[in-house]
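Please read the following report alongside the sequence and the coordinates.

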Amino acid sequence: MTNRPPFERIALLLQGGGALGSYQAGVYQALAEAGLHPDWVAGISIGAINSALIAGNPPEKRVEALRTFWEAVTAPPPGLPAMISSMIGAVPVSNDLAHGWLNQTQAFATLMGGAPDFFSPRLVPPFLSLPGTPSAESFYDVRPLRATLERLVDFDRINAGPMRFSVGAVNVRTGNFAYFDTTTHIIAPEHVMASGALPPGFPAVEIDGEHYWDGGLVSNTPLQWVLESRPRQDTLAFQVDLWSAKGAFPHDLAGQDSRLKDIRFSSRTRAATDQFRKSQSLRRALGHLIKHVPKSALVAADPDILGLIAEADEKIYNIVHLIYRSKSYEGASKDYEFSRATMEEHWASGYADASLTLSHPEVLQPADAPDGVATFDLAELVQRSRP
């Protein structure tokens with residue numbers, strides 16, 4: 001692609017989802033190859049880490065940084081987990097049942113040994129630790145992640161670069177959602193780590209005297225934060241979700257656990273999109289109404305009327321949903337199954353989905369929608385293109 005799509009802003013929005021995050025890396029690779037470099041990248045949890053790897057590197061190095069990270073964290077952990085990984089890696093996967101068993105065993109290896117350069121199990125488990133000590137706060141130590149971020153991410157670039165960067169977290173004391181944004185904060189590794197501090201696995205992260213947990217506890221997507229930002233701009237937004245709100249009814253406890261995670265962490269991005277569509281429709285209607293009001297009346301309007309006028313606009317939004325759909329053999333442990341083979345599978349899936357989506361040129365052109373908001377989903381695009 002040689003020409004930038006005719007939008008004032010290209011935004012990349014990355015949901016949380018642990019080991020599923022390599023799907024987002026595949027999506028970004030396809031976007032980069034198409035010359036679609038975001039002006040704003042925002043993420044939650046693993047999406048925050050991927051966002052930092054993107055914003056903290058020059059365009060020609062971003063895919064390489066993502067690849068380096070994902071290959072590092074999916075290397076077999078040392079000791080017994082490595083033995084388990086090598087043993088089951090030799091087992092041929094002939095059907096979904098065998099594949100499911102393989103994935104669950106790999107996830108068990110991660111629980112035991114952690115993920116290299118990401119998190120490691122504490123020597124003393126929380127229930128044997130004194131309250132107030134670091135080991136009492138979580139099952140895993142995330143100091144390896146800090147070292148990895150410092151090695152692979154140029155935080156000076158994030159803070160000085162032209163790309164806006166946002167990550168979301170939850171204030172443990174107040175329960176309020178917080179965004180760490182380059183327009184309001186100097187971003188450091190702890191801001192990224194706070195966005196992914198999901199208890200009880202990971203400890204809260206202290207920033208300026210407050211403690212923060214994973215943003216996914218409140219909202220697992222930065223969609224609303226980006227769409228409602230000021231000033232409003234014509235926006236092409238790629239919303240990359242790792243959990244699908246839609247799914248089949250589960251018929252056993254394992255299936256229920258998996259479906260529960262999908263529903264909880266999908267954060268109902270479609271519902272958020274629908275709500276934004278309604279709001280934008282009202283703004284456009286207000287803008288059309290104002291055109292019929294004499295300018296002299298607007299100048300003399302009271303503050304409440306002027307406030308309404310400030311809300312009016314006719315901006316255009318294309319929201320492109322890229323949603324990872326779990327395979328039948330993936331269970332509730334899919335977000336902590338950090339094996340190399342599964343990582344490559346997720347990466348390839350993201351790349352394929354994004355490439356297929358970008359093959360539909362209407363995605364990249366401002367849509368003539370009455371409310372100014374157009375949504376695109378791969379499944380809908382494929383259905384539309386069939387004869």
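## Helix α10

In this predicted model, helix α10 comprises the 14 residues 253–266 and reaches 20 Å from its first C-alpha to its last, close to the 20 Å expected at 1.5 Å a residue. Its buried residues are Ser 258, Arg 259, Lys 261, Asp 262, Phe 265 and Ser 266, and because they cover an arc of only 150° around the axis, they are on the same side of α10.

What covers these buried residues includes α11. After α10 comes Ser 267, whose phi is positive, near 55°.

## Helix α11

Helix α11, with 22 residues (269–290), reaches 31 Å between its first and last C-alpha, close to the 32 Å expected at 1.5 Å a residue. The residues buried in α11 are Thr 269, Thr 273, Phe 276, Gln 280, Arg 283, Arg 284, Gly 287 and Ile 290. They cover an arc of only 110° around the axis, so they lie on the same side of α11.

On the face of α11 turned away from its buried side, the exposed residues are Lys 278, Leu 282 and Leu 289.

## The cavity

The structure holds 1 cavity of 30 Å³ or more, and about 40 Å³ of space lies in the largest cavity. Its lining consists of Asn 103, Gln 104, Glu 330, Gly 331, Ser 333, Lys 334, Glu 337, Thr 342 and His 346, with α5 (96–113) and α14 (340–358) each supplying at least two residues.

By residue class, the lining of the largest cavity divides into 6 polar and 3 charged residues, with no nonpolar ones.

Technical notes: Residues are numbered from 1 along each chain as its sequence is written. This is a predicted model: local features need pLDDT of at least 70, side-chain atom pairs count only at pLDDT 80 or more; totals for chains, interfaces and linings use all residues. Side-chain values use heavy atoms; hydrogens and water are left out. Helices (H or I, at least four residues) and strands (E, at least two) are DSSP runs, numbered from the N terminus. The expected span of a helix is 1.5 Å times one less than its number of residues. Buried means under 20% relative accessible area, exposed over 50%, partly exposed in between (1.4 Å probe, protein chains only). The arc is that of the directions from the helix axis to the C-beta atoms. On a 1 Å grid over the protein atoms alone, a cavity is a set of points where a 1.4 Å probe fits but cannot get out, and a pocket is an open set with protein on both sides within 12 Å along at least five of seven lines; lining residues have an atom within 4 Å of a point. Grid points are joined across faces, edges and corners, and a volume is the space filled by probe spheres set on the points. Ala, Val, Leu, Ile, Met, Phe, Trp, Tyr, Cys and Pro count as nonpolar, Asp, Glu, Lys and Arg as charged, and the others, Gly among them, as polar. Contact means heavy atoms within 4.5 Å.
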